[in-house]
Amino acid sequence: MSNGEKTRYSADELKEFETLINDKLEKAWNELNYIKQSLTKSKDSGTDSTFGNVKTLEDGADTAEKESLNQLAARQQKFITNLENALIRIKNGTYGICKESGKLISKERLKAVPHTTLSIDSKLKQNS
């Protein structure tokens, strides 16, 4: 560390990230609960229509909507898990450190993607 490069974020900086992550977590939980309510409503809204073809089309649309909502719920659950894991990294002192290079991830990247474990350079290398 002779060139003065930081290897960890300060307690104050970590507190700032923790607040950001907790805000995102709260919003993510609200969205997940909303998606789950929508799924429950779509199950309850079965129509007793006796129009054969119309009923079949509605069933198809309902199925597609349920699949889409299930995918959204799964994505949201994964996001919540990633945010919770980031909070664990804050507590154990490894937050903001790239798991590939061991260098500090930029504040700008962490503010945009607070659950990331890779610096932008490592992420770009991974995708190439």
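## Salt bridges

A salt bridge is defined here as a side-chain nitrogen of Lys or Arg within 4 Å of a carboxyl oxygen of Asp or Glu. The model is predicted, so local features need pLDDT of at least 70 and side-chain atom pairs count only at pLDDT 80 or more, whereas totals for chains, interfaces and linings use all residues. Residues are numbered from 1 along each chain as its sequence is written, and side-chain values use heavy atoms, with hydrogens and water left out.

By the stated rule, the count is five salt bridges. One of them joins E18 to K91, with the closest N and O atoms 3.4 Å apart. Because E18 lies in helix α1 and K91 in helix α2, this pair ties together parts that are 73 residues apart in sequence; helices are DSSP runs of H or I with at least four residues, numbered from the N terminus. K91 is exposed, at 66% relative accessibility, whereas E18 is buried, with a relative accessible area of 16%. In these terms, buried means under 20% relative accessible area, exposed over 50%, and partly exposed in between, with a 1.4 Å probe and protein chains only.

E18 also forms a salt bridge with K15, where the closest N and O atoms are 3.6 Å apart. Both K15 and E18 belong to helix α1 (residues 11-44) and are three residues apart, about one turn of the helix. K15 is exposed, with a relative accessible area of 51%.

A further salt bridge is formed by the side chains of K111 and E16 (3.6 Å, N to O). This pair links distant parts of the chain, 95 residues apart: K111 is in helix α3 (residues 107-112) and E16 in helix α1. Both residues are partly exposed, K111 at 44% relative accessibility and E16 at 40%.

## Nonpolar core

In soluble globular proteins, nonpolar side chains tend to be buried together. A nonpolar core is taken as a set of buried Ala, Val, Leu, Ile, Met, Phe, Trp, Tyr and Cys residues joined through side-chain atoms within 4.5 Å. The largest such core has 22 residues, of which Y9, F17, I21, I90, Y95 and L110 touch the most other members. Two or more residues come from each of α1 and α2, and α1 gives the most, with eight residues.

Not counting residues up to four places away in sequence, F17 touches Y9, I90, Y95, K107, L110 and K111, contact being heavy atoms within 4.5 Å.

## The loop glycine G96

G96 is placed in the loop between α2 and α3 and is buried, at 2% relative accessibility. Its C-alpha lies 7.2 Å from that of Y9, although G96 and Y9 are 87 residues apart in sequence. With neighbours within four places in sequence left aside, G96 is in contact with Y9, K103, L104, I105 and L110.

## Largest pocket

A pocket is an open set of points on a 1 Å grid over the protein atoms alone, where a 1.4 Å probe fits, with protein on both sides within 12 Å along at least five of seven lines; lining residues have an atom within 4 Å of a point. The largest pocket holds about 170 Å³ of space, the volume being that filled by probe spheres set on the points, which are joined across faces, edges and corners.

Its lining consists of N82, N85, R89, R109, V113, H115, T116, T117, L118 and K123. Helix α2 (residues 52-92) supplies the largest share, three residues. By class, the lining has two nonpolar, five polar and three charged residues, where Ala, Val, Leu, Ile, Met, Phe, Trp, Tyr, Cys and Pro count as nonpolar, Asp, Glu, Lys and Arg as charged, and the others, Gly among them, as polar.
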